[in-house]
Amino acid sequence: MALCCSNDYNILRRSPTLYTQDSAQETAPTQIFLNSKLFNWVKPCTNKKKSLHFSPLTHRKSSRFQCSSYYRSSGYTITLRKRLLFFAMDDPFERSISSRPSKKALTTSNHLQHVESLATLPSGAGRISKLNAVILGESLASEEDDLVFPSGDFSRQAHVPSPQKYLDMYKMSIEDPAGFWSDIASQFYWKQRWGQPVYSENLDIRKGRIKIEWFKGGMTNICYNCLDRNIESGNGEKTALFWEGNEPGDDGNLTYNQLLQRVCQLANYLKDIGVKKGDAVVIYLPMLMELPIAMLACARIGAVHSVVFAGFSAESLAQRIMDCKPKVVITCNAVRRGSKIIYLKDIVDAALADSAQNGFAVDVCLTYENCSALEKVKTKWQEGRDTWWQDVVTKYPTTCDVEWVDAEDPLFLLYTSGSTGKPKGVLHTTGGYMVYTATTFKYAFDYKPSDIYWCTADCGWITGHSYVTYGPLLNAATVVVFEGAPNYPDSGRCWDIVDKYKVSIFYTAPTLVRSLMREGDEYVTRYSRKSLRILGSVGEPINPSAWRWFYNLVGDSRCPISDTWWQTETGGFMITPLPGAWPQKPGSATFPFFGVQPVIVDEKGVEIEGECSGYLCVKSSWPGAFRTLYGDHERYETTYFSAFPGYYFSGDGCSRDKDGYHWLTGRVDDVINVSGHRIGTAEVESALVSHPQCAEAAVVGVEHEVKGQGIYAFVTLVEGVPYSEDLRKSLVLTVRNQIGAFAAPDKIHWAPGLPKTRSGKIMRRILRKIASRQLDELGDTSTLADPSVVDQLIALADS
Ligand code: 6R9
């Protein structure tokens, strides 16, 4: 049975043919839903194959996939989803009836049932509820033929054209990591080659301090490798950055030569004001070209940048400033995002005042004038501390010597949320990160020098570090940097940009896919998108219907999707499709990248083989791994290496199907993933309880159609304070002000009390069930100090 490749079969453009054994076509439905599209039943086919034809009618708003059940209820026996995606070439009729695989009951193993009570796991870790994971209410594919193949043409030109080639390379990377990574590292410029051993590690807390080192003794510079090295090899006049402003028509670009000059000017300025190797620099900028410029300038002089996403509030920024104590903060006066103006400098002013009050004063605030958003004269200013970028930086020479640093010298700090209210300063070093981001970029996106690459992530997150800035530039790629919002001026903006710059690799997040999907197909089909050849997804599991919409509509069933699983901590992709090698399963991140050994363990830390579900850990180090949490190595060890000694614990649940495909099932700790952004429940709770009328708060994640997860807060008010709409708004505002708008709770649920054990621990499991209205699955509530609390909460659920 040959399956035709997806290229030959585009369900959205042609009328797909559905084969069925049932001859009673008069009972057939007149319409079916497929991949969020409504299809019209056109006519029964009279040929021997007994086909039904469907044609697209209109789009549907909901992202749920319903066609299987609809169809079954109409008396047909086959699964449309599979038939339509995997059009069988020879005898589909026979196959559709007789060989439908029985869906194996994938049950949770018993020993995962009581995980919540285990003290060794991070607080909040719960049992992984279903092996055959559900993403946004959609069951994932795991049946044998739910595979999407790359076309033959695509595979032939790919760096890794076949499963066999992948296996050969993977085997090499595991059997001889030192040799495998040394060969790749040799392609970069090293002022001095690394020593022996190539790497040294201890990931086993029982054997002492956790340590990861790669290429130690090697002297290099990542900025040099991103810019000077590429210029020397003839890419000086190649476009490094295309910049697309918030307003269509507002744009710019820099060649590699020009980018180097800009970086050198800023590097010289930073040196001049006393920034030295090892000093921290906080960058609080929107997606202007100055953001990657600032990162590269720090790297050039060995300073450690800490980019703070410019959606964080003044308090969050102050917290980060006080933790890493930068010599300088780099920002801009304001930015336009969509139709809004955000006054960034005001936020920085408040953060710097807060930090100064708490004992740490920043000497210099370098401010870029973003005149499309706000004029200089209208910007609030503190003489002596604040300096306009355009006034000083442009006066410096356009060349700047490189500070050669050890491979293990720090490159950057990036704060990320954890299980407590205090964010963790994830620290990455230079050499391993450089080699790893460059290599993962090249293979996972099958990068070729002619590609135009656009990643919609902001440099304030790890994706913007590894796959807007370093990974692509290390490959001499042309990168699109977009300042604006994907729905401004309308929901077609992304595809407008794709056509404008002839983007060939488009990397984004499922939340964006889902939000655009709701707006209708016309915003997509209005544009050609013919330059696209690869799509990418990151940040959270991509639910199968969003995957299919992305694949079928945006990519015209032509572009493989690299669903890349990784984390701030991992530096680069860990589990990812190599687009020319493997058939894909919608919703699965597929297989490990070279050098990565993912293992799934049970609650006792025992590796589970084969088809299974459990906690996702990694055995052995990889070059891009983070080396510590800034200033808190102990927290690094307890958070990531203590729950399952011998492994790095990711905090994610994962299933592996019988074909070895990995299915990420979401966080198992107290971290919520909202639109791909990690937010600690403790952070939101501490913001809520800072409100004078809030006595206690408990926050859980709840399924959200667009954001993946939404924030659901149970709030107990101070005695005597009545519930009111104004108070609800004021609580939400408190969170916006303390963390940022992206962390605002979607729902405030009034709670006269919270379900607690006798020892005072909040039973989040029960709160999660109430939040998702799974009231018949509350489980045993008898161990609660006061079981009647549960009834009170249910009674107040929709008030
Ligand atoms: C890169 C990034 C990490 C968490 C991670 C996981 C989730 C990221 C995913 C994914 C399923 C994917 N996650 N990519 N889950 N499939 N392709 O997002 O880093 O912000 O640190 O978040 O995001 O839960 O643990 P970060």
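## A tour of the aromatic rings

Start by selecting Phe309 and Trp461: Phe309 is buried, and Trp461 is buried too. Keep in mind as you click around that this is a predicted model.

Stay on those two and look at the rings. Their centres are 4.7 Å apart and the planes make an angle of 35°, so Phe309 and Trp461 count as a tilted pair. Now colour by secondary structure. Phe309 is in the loop between β13 (304–307) and α11 (314–324), while Trp461 is in the loop between β22 (452–455) and α15 (462–474), so this contact ties together parts 152 residues apart in sequence.

Next stop: helix α19 (residues 544–554). Pick out Trp547 and Tyr551, which are four residues apart in that helix and so separated by about one helical turn. Are their rings stacked or edge-to-face? With centres 5.0 Å apart and planes at 20°, which is under the 30 degrees cut-off, the pair of Trp547 and Tyr551 is stacked. Both Trp547 and Tyr551 are buried.

Now zoom out. The structure holds 61 aromatic pairs, and there's a cluster to select in one go: Tyr166, Tyr170, Phe180, Trp181, Tyr436, Tyr443, Trp582, Phe591, Phe593, Phe594 and Tyr661.

The charged end of Lys585 sits over the ring of Tyr661, 4.5 Å from the ring centre.

For the last stop, show Phe312 and Arg320. Here the charged end of Arg320 sits over the Phe312 ring, 4.2 Å from its centre.

Notes: Residues numbered from 1 in each chain as written. Predicted model: local features only at pLDDT ≥ 70, side-chain atom pairs only at ≥ 80, totals over all residues. Heavy atoms only, no water. Phe/Tyr/Trp six-rings, centres within 6.5 Å; stacked < 30°, edge-to-face > 60°. Helix = DSSP H or I, 4+ residues; strand = E, 2+ residues; numbered from the N terminus. Buried < 20%, exposed > 50% of the residue type's maximum accessible area, 1.4 Å probe, protein only. Lys NZ or Arg CZ within 6 Å of the ring centre and 35° of its normal.
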